[in-house]
Amino acid sequence: MSSSPVILILGAGPNIGQHVAQAFAAKGYKVALASRTAKEESTEDGINISSDLSDPESVVNLFSKVKESLGLPSVVVYNAGAATSNEAKDPLSLPLADFTRDLNINTTSAFVAAQEAVSAFKQLPDSASKTFIYTGNILNTTTIAPLMDLGVGKSATAHIIQSAAAAYAERGFKFYYADERKADGSAAYFSIDGEAHGKHYLQLAEGKEQGPWQQTFVKGMGYKEFPVV
């Protein structure tokens, strides 16, 4: 098994997931990519794992596979997300099945991933990064009428990240809720930049101490604090 550091990316899509993978691979990381549509395969540099994150119990098995193939991950990125649009004037009409599935993907599986990450971090040497990053958005600070269940998931997981960042800082475990914004503080929406995420996530992983848990950042600028509206 390689002594190179390992990053696990849950929700390894073609934009953020792939750019984060490339950024860390360039720094010598072995990369584990997990997604629902992944074709199971492995090389000496990494592994692709099929994983349905609507099933939180599958996350434990996912971490076991990564440990067996590459070793314990020192960086975990939770990049999965799900949203079912609701009627703007009738948000509580959203079917329970849709709400539950999306909450599992946005929050419950992220919680299990954070648990598994802490278990791995406790076994790693002091020199390891020990960083957990959740790809969030502006919905933990505002509402968008047709996206209630996505906002619920992002808000709940932001609370988990904030709690973990405070609780584990003394042990050197870092937890971040990452939220790309435009320079004026508005949401990036469909202009999300994968390469900017890769650069920023790598900076967070290379940091020696816990920074602000809510990592609002701007492409080309990095972290920038914005007032909560």
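Axes here are lines fitted to C-alpha atoms, for helices over the stretch in contact, and angles between them run from 0 to 180 degrees between N-to-C directions. Keep in mind that this is a predicted model.

With that in hand, take a look at the helix pair. Helix H3 (residues 96-121) packs against helix H4 (residues 148-168) at an angle of about 15°, and their axes are 8 Å apart. Angles under 35 degrees count as roughly parallel, so H3 is roughly parallel to H4. The crossing of H3 past H4 is right-handed.

Who makes the contact? On the H3 side, the residues include Asp98, Phe99, Leu103, Ala110, Phe111 and Val118. H4 brings in, among them, Met148, Leu150, Val152, Gly153, Ile160 and Tyr168. Sorted by type, the residues of this contact come out as 11 nonpolar, four polar and three charged.

| Residue | Location | Relative accessible area |
|---|---|---|
| Ser51 | loop between strand E4 (46-50) and helix H2 (58-69) | 7% |
| Asn61 | helix H2 | 44% |

Ser51 is buried, because its 7% relative accessible area falls under the 20% cut-off. Asn61, at 44%, is partly exposed.

Notes. Residues numbered from 1 in each chain as written. Predicted model: local features only at pLDDT ≥ 70, side-chain atom pairs only at ≥ 80, totals over all residues. Heavy atoms only, no water. Helix = DSSP H or I, 4+ residues; strand = E, 2+ residues; numbered from the N terminus. Buried < 20%, exposed > 50% of the residue type's maximum accessible area, 1.4 Å probe, protein only. Parallel < 35°, antiparallel > 145°, perpendicular 65-115°, else oblique. Left-handed = near helix turned anticlockwise from the far one by under 90°. Contact = heavy atoms within 4.5 Å. Nonpolar A, V, L, I, M, F, W, Y, C, P; charged D, E, K, R; others polar.
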